[in-house]
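Dear colleague,

I am handing over the structure below, and after it I set out what was found. Please look at it before reading on.

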Amino acid sequence: MRISVEEVYETVRMTLDHHFDIRTVTLGINLKDCIDRDIAGLTQRVHERIVEKGQLLNRCADLIVQKYGIPITNRRIGVTPASLLLEPLPRTKATVVRFAKALDGAARKANIDFLGGFGAMVQKGTTAAEENLIDAIP
Amino acid sequence: MTEQKASQICIVTVTGVDRVGIVAKLANVMARANINIVDINQKILEETFVMTMAVDVAESAIGMDKIKARLDRVGKEMALKITIQDENIFKAMHRV
C-alpha cells in the first residue's frame, strides 16, 4: 500500500520543523595490522587508513542523506584501542602524544567529527604500555 | 533473464500555498530528467497545502543531488517547500 499524504506530511514536518536527524553514524576500523616497532611507520599507516576509510564513510553518509532526506549530524570513527597499537613502542609520553596527534590529524583531514579509541582496556590489569598511555593524558 | 529493471520510488513533497502551475512545473522537472511520475495526491492539512508525488528515479538521467537542486530552484520560484526522499523512509516510519 502506498503511503498516504498524512503520513508523508507527518514525516516531512519532523525534518523541516522539528529537526529530526540521524545523530551519528560510526565506522569501526581495525588498526592492528598497522602495528610497527617504529612510531613513524605506525603513524603513517594509521593516518592513511583513517583518511581513506573516513572519506569513504563521508561519501556513503552523504549518499544516505541525499537518498532519505534526513540529515546526519555527526560522522564518527572508532579505532582499535591506542594502547594495543603502542605496545611495541618506547614507553614515553612523546610517543603517545605523537600517536594522538596522528589520530587527530587523520580525523581532521578526512573531515570526521569524532574519533574514539584513544584509550586502554584495563579491566583486568594494566600493561606498561597502557600505564604509559594513561600517564600521558593531561 | 528478463529485461525489466527494478524501480526506485521516491516521494516528492510540496508544502505551502496552493497556486496555478505547481504540478506543471514539477512534471516538467521530472520529464527533463527522465523520471516517471507514478502517483500524485494532494490535500489541505492543518490549513497547509500538501502535495505528494511518487516518482520512479531508477531510469533518471541525473543524480539525486541534481534532482534536489532543480526542485529547490522551483521551490524558491514558487515560495514552496519541496523535498524528495526515498519511499522506504516513510515505510520505516509508518508501517509495521
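The crossing of H2(A) and H2(B) is left-handed (the near helix is turned anticlockwise from the far one by less than a right angle). This is a predicted model, in which local features need pLDDT of at least 70 and side-chain atom pairs pLDDT 80 or more, whereas totals for chains, interfaces and linings use all residues. Residues are numbered from 1 along each chain as written, chains are lettered from A and ligands numbered from 1 in the order written, and side-chain values use heavy atoms, without hydrogens and water.

Helix H2 of chain B covers residues 64–78, and its axis lies 9 Å from that of H2(A), at an angle of about 45° (helices, H or I of at least four residues, and strands, E of at least two, are DSSP runs numbered from the N terminus). Where they meet, A:Val65, A:Gln66 and A:Lys67 touch B:Met64, B:Asp65 and B:Lys68 (heavy atoms within 4.5 Å).

Chain A also holds an open sheet of 3 strands, ordered S1-S2-S3 with parallel pairing (pairing needs at least two DSSP bridges). Its edge strands are S1 (22–29) and S3 (114–116), each of which pairs on one side only. Strand S2 (residues 72–79) of chain A pairs with S3(A) over 3 bridges, and A:Gly78 has A:Gly116 in S3(A) as its bridge partner. Helix H2 of chain A (residues 39–68) packs on this sheet, touching S1, S2 and S3 of chain A, and its direction makes about 150° with that of S2(A) (axes are lines fitted to C-alpha atoms, for helices over the stretch in contact, with angles from 0 to 180 degrees between N-to-C directions).
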